[in-house]
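Subject: Structure handover

Hello,

The structure is below, with notes on what was found in it. Please read the notes alongside the coordinates.

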Amino acid sequence: MNTLNRRCSSSLGKKYVMAVTGLALFGFVVAHMVGNLQIFLGREILNGYGAFLKSKPLLLWGARLGLICLVSLHVWAAIRLTQDNRAARPVAYAVQASISASYASRTMLMSGLIVASFIVFHLMHFTLGGVDPEFLEFRDGAGRHDVYRMVVAGFSTPIVSIFYFVGMALLCLHLSHGVSALFQSLGLRTGHWVRAIDLFAKAAALTIFVGNCSIPLAVLIGLLK
Ligand code: HEM
């Protein structure tokens with residue numbers, strides 16, 4: 001246990017923790033987006049999917065606990081690595097050393113913490129009923145939770161949709177660098193893979209932005225009612 005603790009606490013260990021938890025969270029974001037896009041297939045399909053997930057409580061709660069652990073470890077490693085970097089270089093360079101680093105890479109901690117606050121709002125909005133408790137009471141003709149109606153009602157308020165667009169833009173910025181960085185930390189971003197991995201990271205971030213924003217946008221323009 002002590003050896004594992006020491007390994008995780010070393011800078012290299014923290015980078016691995018960041019990379020592995022980041023990869024798993026990226027997988028969740030992709031799977032969640034694909035699940036949500038079923039809204040375009042209609043109420044029946046989306047509500048059926050929601051009911052299916054809730055019919056497997058062990059799986060659902062396992063995934064929820066797993067996600068809480070992943071987010072906590074990811075944030076812990078990010079904060080500790082930033083502290084380590086600052087301690088190793090107490091005096092800032094006269095000329096900003098990050099001049100060649102991208103905006104996304106320089107703002108990882110900030111964009112990550114804002115995405116984490118977006119997730120807290122998102123949970124209040126659609127999972128805990130903190131924004132409108134009625135959302136959790138919506139039922140469809142088959143007596144299932146009407147997820148379709150909840151999402152349409154949730155995004156019908158323009159300010160809420162705008163908040164989601166901003167959250168998705170920051171998530172996209174975070175992933176455009178984060179996905180490249182995790183391959184780097186795992187030692188896989190080398191040689192002729194560098195360009196391909198960086199391109200993949202940017203394409204994946206953009207796909208997630210477009211896919212997720214298409215839902216509130218479709219509600220705002222009246223495509224989803
Ligand atoms: C516009 C984009 C999104 C839509 C329409 C959406 C929709 C939803 C809905 C409807 C639920 C509740 C499911 C239910 O209880 O029936 C949910 C839960 C959740 N969403 Fe999203 N989501 C979006 C983006 C995101 C993003 C970007 C993240 C993470 C970065 C995320 C993380 C979560 C989490 C962690 C839960 C809780 C899952 C659970 O334990 O029940 N969502 N989302």
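How many disulfides does the structure hold? The answer is zero, where a disulfide is a pair of cysteine sulfur atoms within 2.5 Å.

Before the rest, the basis: this is a predicted model, in which local features need pLDDT of at least 70 and side-chain atom pairs count only at pLDDT 80 or more, while totals for chains, interfaces and linings use all residues. Residues are numbered from 1 along each chain as its sequence is written, and side-chain values use heavy atoms, with hydrogens and water left out.

Cysteines: the closest cysteine sulfur to that of C172 is in C213, 8.6 Å away, which is too far for a bond. C172 is buried at a relative accessible area of 15%, and C213 is buried at 8% (buried means under 20% relative accessible area, exposed over 50%, partly exposed in between, with a 1.4 Å probe and protein chains only).

S176 sits in helix α8 (residues 158-185); helices are DSSP runs of H or I, at least four residues, numbered from the N terminus. S176 is also buried, at 15% relative accessibility. A polar atom of its side chain lies 2.8 Å from the backbone oxygen of L173. Leaving aside residues up to four places away in sequence, S176 touches A104, A201, K202 and A205 (contact means heavy atoms within 4.5 Å).

Helix packing: α3 (residues 43-54) and α7 (residues 147-155) pack at about 105°, with axes 8 Å apart. Axes are lines fitted to C-alpha atoms over the stretch in contact, and angles run from 0 to 180 degrees between N-to-C directions. The two helices are therefore roughly perpendicular (65 to 115 degrees). R43, L46 and N47 of α3 meet V147, Y148 and R149 of α7.

Regards

Methods
Parallel < 35°, antiparallel > 145°, perpendicular 65-115°, else oblique. Polar contact = N/O pair within 3.5 Å; in protein donor to acceptor, adjacent residues only side chain to side chain.
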